Amino acid sequence: VVLYAAMFDAFSKIDGGGSGRDANDDKRIELDEFLKGYEGVAFHGFVAFQNIPDKKAAKEVFGKMDDNGGGIVLLDEWCTFIKNAEVEAKTPVGELLIEEGEYDE
């Protein structure tokens, strides 16, 4: 549960521009929101958002997260992207996800 809370916290920092809860928090992230806020989650502890050197790379990351090509990233896409990155990098978080049955290969 704590892991998902951290994922949601990172998502919320970008959704709506991270200025606290307001009308812009629509529980989805558009590309322009991600480009404005991706640096703010770089040190959130997830390998998925570390080492994004510039906005071009950030656009590529956004495209990978947006698995249905809808132009927005929903929380479930966000969490799946993080989980896959952790498992692929064989981090302790990734190992935990596998052990707990939270990752389907």
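Is Lys27 buried, partly exposed or exposed? Lys27 is partly exposed, with a relative accessible area of 49%. On this scale, buried means under 20% relative accessible area, exposed over 50%, and partly exposed in between (1.4 Å probe, protein chains only). Some notes on the rest follow.

1. A word on the basis. This is a predicted model, in which local features need pLDDT of at least 70 and side-chain atom pairs count only at pLDDT 80 or more, while totals for chains, interfaces and linings use all residues. Residues are numbered from 1 along each chain as its sequence is written, and side-chain values use heavy atoms, with hydrogens and water left out.

2. The overall picture. The protein chain has 5 helices and 2 strands, and from the N terminus the order is α-β-α-α-β-α-α. Helices (H or I, at least four residues) and strands (E, at least two) are DSSP runs, numbered from the N terminus. Of the 105 residues in the protein chain, 39% are buried. Taking contacts (heavy atoms within 4.5 Å) between residues at least 6 apart in sequence, 51% join residues at least 24 apart.

3. Helix α3. Here Ala57, Ala58, Val61, Phe62 and Met65 are buried within residues 55-65. Viewed down the axis of α3, the buried residues fall within an arc of 145 degrees, so they line one face of the helix; the arc is that of the directions from the helix axis to the C-beta atoms. Lys56 and Lys64 are exposed on the other side of α3. As for partners, the buried residues of α3 pack against β1 (28-30), α2 (31-37), β2 (72-74) and α4 (75-88).

4. The start of α3. Do have a look at Asp54, in the loop between α2 and α3. A side-chain oxygen of Asp54 comes to within 3.2 Å of the backbone nitrogen of Lys56, and a polar atom of the Asp54 side chain lies 2.8 Å from the backbone nitrogen of Ala57. Asp54 counts as partly exposed, at 36% relative accessibility. Its C-alpha atom is separated by 9.6 Å from that of Tyr38, 16 residues apart along the chain.

5. α3 with α4. The two axes come within 9 Å and cross at roughly 110 degrees; axes are lines fitted to C-alpha atoms, for helices over the stretch in contact, and angles run from 0 to 180 degrees between N-to-C directions. α3 and α4 are therefore roughly perpendicular to each other. Angles under 35 degrees count as roughly parallel, over 145 as roughly antiparallel, 65 to 115 as roughly perpendicular and the rest as oblique. In this pair, Val61, Lys64 and Met65 of α3 meet Glu77, Trp78 and Phe81 of α4.

6. α1 with α4. The axes of α1 (residues 2-14) and α4 come within 10 Å, crossing at roughly 120 degrees, and these helices are therefore oblique to each other. From α1, Tyr4, Met7, Phe8, Ala10, Phe11 and Ile14 meet Leu75, Trp78, Cys79, Ile82 and Lys83 in α4.

7. Two backbone angles to check. Most residues other than glycine have a negative phi. Lys27, in the loop between α1 and β1, has a positive phi near 60 degrees. Lys90 also has a positive phi, near 55 degrees, and lies in the loop between α4 and α5 (92-99). Lys90 is exposed, with a relative accessible area of 65%.

Technical notes. A polar contact is a pair of N or O atoms within 3.5 Å; within protein, one must be able to donate a hydrogen and the other to accept it, and residues adjacent in sequence count only if both atoms are side-chain atoms.
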